[in-house]
Amino acid sequence: QVQLVESGGGLVEAGGSLRLSCAASGLTFSNYAMGWFRQTPEKGREFVATITWNGDGTDYAGSVKGRFTVSRDNAKNTVYLQMNSLKFEDTAVYLCAAAPKSDPSKYDWWGQGTQVTVSS
């Protein structure tokens, strides 16, 4: 079955950095665009970043542009989110998701998430 497993979350001070990973299995990874989202009780789920199936296109939420970088390694079936200059308001559960390259807005598969906590 399809599994997306996030890792790399944790507690970090404001201004610090974290690198999240999402390892995929059970699907042909290079056939999928990948997205990162984050979720809090107050705001619900919001889009963070996305990357095309071959990595040549990315998009970011305005709140993270210039601070976060999404990348992927199709040989390792893994997508990454490098988060720099973290702010208190970046605190959330971060989830990765997979969307078929034929319809990259339709996220079919979701991970369970990894907690990121930024202390002010």
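Okay, quick word before we start: when I say two residues are in contact, I mean they have heavy atoms within 4.5 Å. And keep in mind that what's on the screen is a predicted model.

So, contacts. Take the ones between residues at least 6 apart in sequence: 54% of those join residues at least 24 apart.

What's the chain built from?

On to overall dimensions. The C-alpha trace spans about 40 × 25 × 25 Å along its principal axes. For 120 residues, you'd expect a compact globule to have a radius of gyration near 14 Å, and this chain comes in at 13 Å, which agrees. Buried residues account for 43% of the 120.

Now let's zoom in on one residue, Thr50. You'll find Thr50 in strand 5, which covers residues 44-51. Is Thr50 buried or exposed? Its relative accessibility is 17%, so Thr50 counts as buried, the cut-off being under 20%.

And who's around it? Setting aside neighbours within four places in sequence, Thr50 touches Met34, Gly35, Gly57, Thr58, Asp59, Val70 and Tyr107. Look at Tyr107 in particular: its side chain and that of Thr50 are joined by a polar contact of 3.2 Å.

That's my bit, thanks.

Conventions
Residues are numbered from 1 along each chain as its sequence is written. This is a predicted model: local features need pLDDT of at least 70, side-chain atom pairs count only at pLDDT 80 or more; totals for chains, interfaces and linings use all residues. Side-chain values use heavy atoms; hydrogens and water are left out. The radius of gyration is taken over C-alpha atoms; the globule rule is 2.2 Å times the number of residues to the power 0.38. Buried means under 20% relative accessible area, exposed over 50%, partly exposed in between (1.4 Å probe, protein chains only). Helices (H or I, at least four residues) and strands (E, at least two) are DSSP runs, numbered from the N terminus. A polar contact is a pair of N or O atoms within 3.5 Å; within protein, one must be able to donate a hydrogen and the other to accept it, and residues adjacent in sequence count only if both atoms are side-chain atoms.
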